[in-house]
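Welcome! Have a look at the structure below, and then let us walk through its rings, its spaces and a few of its residues together.

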Amino acid sequence: MPIDRALLEIEDLNAWYGESHVLHGISFDVREGETLSLIGRNGAGKTTTLRAILGIVRNRTGVIRFRGEDLTVIPLHAIARRGLGYVPEERGIFASLTVAENLVLPPVVKDGGMSEEEIYELFPNLAERRSSQGTKLSGGEQQMLAIARILRTGANVILLDEPTEGLAPVIVERIGEVLQLLKARGMTIILVEQNFHFARKLADRYVVVEHGSAIDYFGASELDAKMAGLAEQLGV
Amino acid sequence: MFCIPYVKCLPFVALYGQLLLGLINGSFYALLSLGLAVIFGMLRVINFAHGALYMLGAFVSWWLSVALGIPYWGALIVAPLAVGLVAVVIEKTMLHQMYRLDPLYGLLLTFGITQVIEGTFRYFYGASGQPYPPPPALSGPLNLGFMILPIYRGWVVVISILACLGTWLLIERTRIGAYLRAATENPVLVQTFGINVPLMMTLTYAFGAALAGFAGVLAAPIYQVSPLMGTNLIIIVFAVVVAGGMGSILGAIVTGYILGLLEGLTKVFYPEASNIVIFVVMAIVLLLRPAGLFGRAA
């Protein structure tokens with residue numbers, strides 16, 4: 001069960017791509033051990049929110065506080081050292097590295113990460129193909145590898161961007177099982193997902209994002225009452 | 001006697017001599033193009049200053065000997081470090097601002113840096129060279145039975161092969177190499193993993209420059225230490241890198257040696273073409289494989 005304490009606080013977050021103002025004062029917090037899902041239509045600003053939190057989008061204003069520390073003044077490479085692991089939408093598997101090299105690429109940032117053996121047990125497909133070139137894996141296997149490499153680092157907050165996009169239902173189900181396992185282990189998860197049916201099995205709370213703003217916040221227990229409105233908002 | 005029909009016949013001893021000469025030139029081509037490939041692969045900067053850094057390595061070893069009495073063996077370590085340090089200053093003060101721009105800007109900047117470095121040395125030392133003898137332990141000839149091998153030249157071939165092999169292993173078989181290869185593909189994502197990519201870029205430039213400095217120390221006893229020694233070499237080295245595949249480590253090494261040997265043989269069998277053979281090969285490679293022999297198409 002989540003502990004009721006804000007681990008990550010986002011206040012009035014604005015972000016720009018060049019001249020284009022994409023985030024308009026988003027605010028929310030994430031508590032330790034909970035799964036928070038950012039939901040919204042394509043282009044609503046969900047991915048940009050993750051990228052602004054991590055510092056990939058540098059042109060931003062507002063407050064991003066992690067365990068009370070201001071992340072906006074920390075260099076990009078130092079943010080991962082605080083225990084935040086990122087699984088990007090495009091998966092980011094490196095073509096010049098094997099599966100095994102991709103897996104051990106991110107350095108261990110904290111104690112408590114999974115060992116390579118544990119990871120290969122969790123993802124047997126990766127074990128079988130550990131000598132293959134990373135990008136030769138199927139889309140589902142690449143997604144598993146992208147998640148797996150963060151599990152090794154000991155990061156206790158994982159930012160997942162559209163992990164089910166373009167994947168077969170059986171793979172989506174497997175990824176759901178893995179995320180349930182991580183949730184049970186107490187990992188804090190920020191999940192950006194358009195597949196609302198996937199997110200509802202995992203999320204403790206939701207933030208609805210539209211046009212770069214957070215327009216609604218609610219907990220899992222309020223979901224049923226919100227369903228009709230959400231279906232209209234999300235176009236599902 | 002070794003003959004190419006309708007061209008020329010040559011005694012085997014002379015042929016071996018030319019092959020050795022080609023191998024020595026190939027050693028310098030490989031070491032220098034390797035440094036260029038490492039730098040281009042990671043920074044996407046065409047480092048025109050590579051020839052000047054090579055010359056700097058030779059001059060530092062000469063200074064160490066003349067001013068401080070530090071012998072060749074000490075220079076082999078100190079000079080690449082000194083050149084690497086100069087490269088850190090260049091990268092930190094100027095070059096890092098070129099990364100987000102078209103590679104042409106990096107080329108122009110490093111061309112300007114070359115002019116400044118070479119012009120300064122020419123002002124103080126003129127165009128003539130300074131002598132730098134090989135260390136006593138590597139002086140003299142060695143009779144191999146089928147040819148006489150100047151020991152120092154044999155040493156250059158061996159040590160440069162080891163340096164190339166070591167660099168290849170570092171990049172292809174170590175964790176640091178995996179960081180470099182990954183950062184070449186997606187530097188932002190590698191930073192989100194907690195790896196300090198800007199520092200890696202500085203160190204990569206310093207490493208590539210140190211390889212040039214190392215080649216400069218090796219070259220000092222063979223060629224004279226002269227402000228223009230890099231200028232004479234850099235255009236050929238660029239042709240080697242392009243033929244091998246821009247940014248390809250293995251391509252730079254293999255093509256460096258092959259083209260060195262080819263140039264050596266051309267000097268014997270058709271000397272008129274020896275100055276252009278490398279460029280002709282480069283043009284043919286580009287026509288048949290635009291990404292180079294070992295390069296990957298974009």
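At 1% relative accessibility, Tyr206(A) counts as buried, where buried means under 20% relative accessible area, exposed over 50% and partly exposed in between, with a 1.4 Å probe and protein chains only. Phe196(A) counts as buried too, at 3% relative accessibility.

Before going on, a word on the model: it is predicted, so local features need pLDDT of at least 70 and side-chain atom pairs count only at pLDDT 80 or more, while totals for chains, interfaces and linings use all residues. Residues are numbered from 1 along each chain as its sequence is written, chains are lettered from A and ligands numbered from 1 in the order in which they are written, and side-chain values use heavy atoms, with hydrogens and water left out.

**Aromatic rings**

How many aromatic pairs does the structure hold? Over all chains there are 19. Rings of Phe, Tyr and Trp (its six-membered ring) pair if their centres lie within 6.5 Å; planes under 30 degrees apart count as stacked, over 60 as edge-to-face and the rest as tilted. Two of these pairs are set out here.

| Pair | Kind | Centre to centre | Angle between planes |
|---|---|---|---|
| Phe196(A) and Tyr206(A) | tilted | 5.9 Å | 50° |
| Phe48(B) and Phe111(B) | edge-to-face | 5.2 Å | 75° |

The pair in chain A links distant parts of the chain: Phe196(A) belongs to helix H8 (residues 196-199) and Tyr206(A) to strand E9 (residues 205-210), 10 residues apart. Helices (H or I, at least four residues) and strands (E, at least two) are DSSP runs, numbered from the N terminus.

In chain B, Phe48(B) lies in the loop between helix H1 (12-43) and helix H2 (50-68), and Phe111(B) in helix H4 (residues 103-125), so their pair ties together parts that are 63 residues apart in sequence. Phe48(B) counts as buried at 16% relative accessibility, whereas Phe111(B) is partly exposed, with a relative accessible area of 39%.

Chain B also has a cluster, in which ring pairs link Phe59(B), Trp62(B), Trp63(B), Phe121(B) and Tyr125(B). Over in chain A, Arg130(A) lies over the face of Tyr120(A), 4.1 Å from the ring centre; a charge sits over a ring if NZ of Lys or CZ of Arg is within 6 Å of the ring centre and within 35 degrees of the ring normal.

Next come the spaces. On a 1 Å grid over the protein atoms alone, a cavity is a set of points where a 1.4 Å probe fits but cannot get out, and a pocket is an open set with protein on both sides within 12 Å along at least five of seven lines; lining residues have an atom within 4 Å of a point. Grid points are joined across faces, edges and corners, and a volume is the space filled by probe spheres set on the points.

The structure holds 1 cavity of 30 Å³ or more, and the largest cavity has about 50 Å³ of space. Its lining includes Ala80(A), Pro106(A), Ile150(A), Thr192(B) and Phe193(B). Strand E6 (residues 84-87) of chain A gives the most to this lining, with 3 residues. By class, the cavity lining has 8 nonpolar, 3 polar and no charged residues; Ala, Val, Leu, Ile, Met, Phe, Trp, Tyr, Cys and Pro count as nonpolar, Asp, Glu, Lys and Arg as charged, and the others, Gly among them, as polar.

Which residues lie nearest the centre of the largest pocket? They are Met246(B), Gly247(B), Ser248(B), Ile249(B) and Arg296(B), out of 31 lining residues. The largest pocket holds about 830 Å³ of space, and the largest share of its lining, 5 residues, comes from H1(B). This lining has 18 nonpolar, 8 polar and 5 charged residues.

The second largest pocket has a volume of about 650 Å³. Of its 22 lining residues, Tyr99(B), Arg100(B), Gln191(B), Pro198(B) and Met201(B) are the closest to its centre. H8(B) supplies the largest share of this lining, 4 residues.

Met201(B) lies in helix H8 of chain B and is buried, with a relative accessible area of 13%. Not counting residues up to four places away in sequence, Met201(B) touches Met42(B), Leu43(B), Glu91(B) and Tyr99(B), contact meaning heavy atoms within 4.5 Å.

Ser61(B), in helix H2 of chain B, counts as buried at 0% relative accessibility. Leaving aside neighbours within four places in sequence, Ser61(B) is in contact with Ala75(B), Ala79(B), Tyr132(B), Val217(B) and Ala220(B).
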